[in-house]
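Hi,

Here is the structure we discussed.

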Amino acid sequence: MDASEVSNGASPGPGPGPGPDSGAGTDAPSRASAIVAVLAAVGVLVSLMQTLMVPLIPVLPKLLHSNASDASWAITATLLTGAVANPVFGRLGDLFGKRRMLLLSGYILVAGSLVCALTDSLVPIVAGRALQGLGLAIIPLGISIMRDLLPPKRLIPAMALMSSSLGIGGALGLPIAAIVAQNLDWHVLFWGSAIATLILMALVTVVVPESPVRGSGSFDLPGAVALSAGLVALLLAVSKGSTWGWSSATTLGLFGAAVAVLLAWGRWETRTKAPLVDLRTSARRPVLLTNLSSTVLGFAMYAMSLICPQIMQLPRATGHGLGQSLLATGLWMAPAGLMMMVVSPFAGRLITARGPKAALLSGTAVMTVGYVAALGLMGSPVGVLVIACSISGGVGLAYAAMPTLIMASVPASEGAAANGLNTLMRSIGTSTASAVIGVVLANMTISFGTTQVPSLTGLRVGFLIGAGAALVAFLVALAIPARKSAAPTSVVPDQRSPHDRPTGAAGAAAGSVAEGTAGAAATDAVEARA
């Protein structure tokens, strides 16, 4: 660890740490590759968790012996706990070890999977899904572990791979889960997730050393409680407002409580000596604008994830539906995840050559064009495939830049907490999109038999809203200070000669693109059946 890391308050923690002996240094490329592969696989698994319940949506109330509104809590619970887990586990990782907290999150995910696998009652399922939501903290922890352990030359391709793996997991999860749900008992989904998580956690234990970077201070328990309460109130109001009524006392009360609690939390965080989130650091222009852009991007990403599957599954008799089954829809949408893998090497090279801001601007521009083009491409499955792939490609470019921008502007000892906050902001964006797009599609409908389905105009308005969100993200990105070399420095010293070392940005390309998206979509679908 160099002097700059010490000055940031980082101190070596227990565990082997990176370097020649541990195998994470430049003299052991095979060990570094193993670390990357295991962490990327964990990212895929976490993304798959978000789509487990999607194939069960039509029969979820029957399976849980409840009505549709109550059954939707099996989705909402994961959204709420996932949002809380990101900043809390991030800070715990900075203080007590990122790998240690990653393993804890993984074993909690296993526990949640087992609870769901062993019951068919509503309350235990909701509890199990809430525990699974805590596993979402694995994503920002894994990003920070890569930054701490890998030598400079491996950072960009490694985190680009993790970014693409997350996209693949989210896209492939739907058809995989649909096949299992249609041919096997639905509990197999949770047994499979428990076994797969146990295997990956064992691999993490064997392959991934503990990060040597530590933050200073103590854990801010009052701040964690206040932030959790504020987030739960906010996300409950956003995710359930359409069910309870946007002007109802419950919804307005939750919004009011969220504002009051989060303002009080912010005041506390600026006064305590060891805050859960360093708001002064978060208020730096690059961090603030990146988080704001992440929120808007989360919104733009989710609009596509909600609208395209609906176009695919609406009956052809409506005049604008494509009449595809759930499984066929999942297979048509799966290449959008593969597009993340295609884009990731280019994103890494772009970040190295031009800086992360260029990748963010390119991604948001591609997304904007993709949404506008969608207005003329939504008449066939191939057209919808082109829409999804183009927008997903833009998302891959944009999200590849996010951790690089964040970690270049915060101390290494606060990396996990900062990434957790960025992931939280993205989740708030997807949840807000769920509410906005849901309202648009619910109010712009046509009659089809005895039911109401989204109209062609409503779907087009949804695409235009997505284009507007992507454009706003582009404009916000323009205001981020342009520093070509603004990238996190690796904790692992580069052992090559100065002539062989890269001079470009040694950043990290990542982003949990599918994170929260399938969960929010599932919530809307369940509630639509109420």
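**Cores and contacts**

The largest nonpolar core has 74 residues, and Leu64, Leu102, Met146, Leu150, Val204 and Val208 touch the most other members. A nonpolar core here is a set of buried Ala, Val, Leu, Ile, Met, Phe, Trp, Tyr and Cys residues joined through side-chain atoms within 4.5 Å. Buried means under 20% relative accessible area, with a 1.4 Å probe and protein chains only.

Leu64 touches Ala71, Ala74, Asp120, Ser121, Leu122, Ile125 and Trp186, leaving out residues up to four places away in sequence. Contact means heavy atoms within 4.5 Å. Another core, of 55 residues, lies apart from the largest one; Leu350, Met378, Ile391 and Ala469 are among its members.

This is a predicted model: local features need pLDDT of at least 70, side-chain atom pairs count only at pLDDT 80 or more, and totals for chains, interfaces and linings use all residues. Residues are numbered from 1 along each chain as its sequence is written, and side-chain values use heavy atoms, without hydrogens and water.

**Helices**

Helices are DSSP runs (H or I, at least four residues), numbered from the N terminus. The axes of helix 5 (residues 73-96) and helix 7 (residues 122-134) cross at roughly 30 degrees and come within 7 Å. Axes are lines fitted to C-alpha atoms over the stretch in contact, and angles run from 0 to 180 degrees between N-to-C directions. So helix 5 is roughly parallel to helix 7 (angles under 35 degrees).

**Ser293**

Ser293 sits in helix 14 (residues 285-313). Ser293 counts as buried because its relative accessibility is 0%. It touches Leu360, Met402, Ala473 and Val476, again leaving out residues up to four places away in sequence.

Best wishes

Notes
Helix = DSSP H or I, 4+ residues; strand = E, 2+ residues; numbered from the N terminus. Parallel < 35°, antiparallel > 145°, perpendicular 65-115°, else oblique. Buried < 20%, exposed > 50% of the residue type's maximum accessible area, 1.4 Å probe, protein only.
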